Amino acid sequence: MSPEYFHERLTYSEAADYLDGLARRYRGDWEQARLIADVTARCAGNKRGVELEFPWEKEDEERKYAPPTPEEMEQIRAISRQIKSIHK
């Protein structure tokens with residue numbers, strides 16, 4: 001991506017996607033750094049090691065959800081049927 005496009009024409013949603021991709025690209029490096037820090041701390045006598053939390057771990061937890069109940073599935077199907085009948 002050219003600097004000109006980034007500074008002058010980039011939309012908010014494109015910027016958010018770009019930053020998410022950038023964070024995802026370096027996730028492995030951060031995980032490696034956490035492992036090295038933990039091993040180093042344990043070798044130095046810290047029994048608990050290093051407890052580092054990264055933003056994507058919280059995001060991963062937030063993405064977990066319960067599957068819809070049968071009642072919710074019926075509501076979804078009813079709405080779907082209504083939309084389908086409108087667009088015939």
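Which side chains meet R42 or D38 in a salt bridge? They meet each other: the side chains of R42 and D38 form a salt bridge at 3.0 Å, N to O. By salt bridge I mean a side-chain nitrogen of Lys or Arg within 4 Å of a carboxyl oxygen of Asp or Glu.

Before going on, a word on the source. This is a predicted model, in which local features need pLDDT of at least 70 and side-chain atom pairs count only at pLDDT 80 or more, while totals for chains, interfaces and linings use all residues. Residues are numbered from 1 along each chain as its sequence is written, and side-chain values use heavy atoms, with hydrogens and water left out.

Now the fold. The protein has five helices and zero strands, where helices (H or I, at least four residues) and strands (E, at least two) are DSSP runs numbered from the N terminus. The radius of gyration of the protein is 23 Å, well over the 12 Å that the globule rule gives for 88 residues, so the protein is more spread out than a compact globule. That radius is taken over C-alpha atoms, and the rule is 2.2 Å times the number of residues to the power 0.38. Along its principal axes, the C-alpha trace spans about 70 × 45 × 15 Å.

Of the 88 residues, 8% count as buried. Buried means under 20% relative accessible area, exposed means over 50%, and partly exposed is in between, with a 1.4 Å probe and protein chains only. The protein exposes about 8,200 Å², and carbon and sulfur atoms supply 56% of that area. Areas come from the Shrake-Rupley method with a 1.4 Å probe; for residues, only the protein chains shown count as cover.

There is a nonpolar surface patch of about 400 Å², made by M1, F6, Y18 and L19. For such a patch, residues need over 30% relative accessible area and no salt bridge, and nonpolar side chains (Val, Leu, Ile, Met, Phe, Trp, Tyr) are joined within 5 Å. Y18 lies in helix 2, residues 12-25, and counts as partly exposed at 34% relative accessibility. D20 is in helix 2 as well, partly exposed with a relative accessible area of 43%.

Side chains of opposite charge can pair when their charged atoms come close. How many salt bridges does a search of the whole structure find? It finds five.

The R42 and D38 pair sits in helix 3, four residues apart, which means a separation of about one helical turn. R42 is partly exposed, with a relative accessible area of 44%, whereas D38 is buried at 16%.

R34 and E31 also form a salt bridge, at 2.7 Å, N to O. These two are three residues apart in helix 3 (residues 27-43), so about one helical turn separates them. Here the arginine, R34, is buried at 15% relative accessible area, and E31 is partly exposed at 30%.

Another salt bridge joins the side chains of E74 and R81, at 3.0 Å, N to O. E74 is partly exposed at 39% relative accessible area, and R81 is partly exposed at 49%.

Definitions and conventions:
Patches are made of residues with over 30% relative accessible area and no salt bridge: like charges are joined within 9 Å, nonpolar side chains (Val, Leu, Ile, Met, Phe, Trp, Tyr) within 5 Å.
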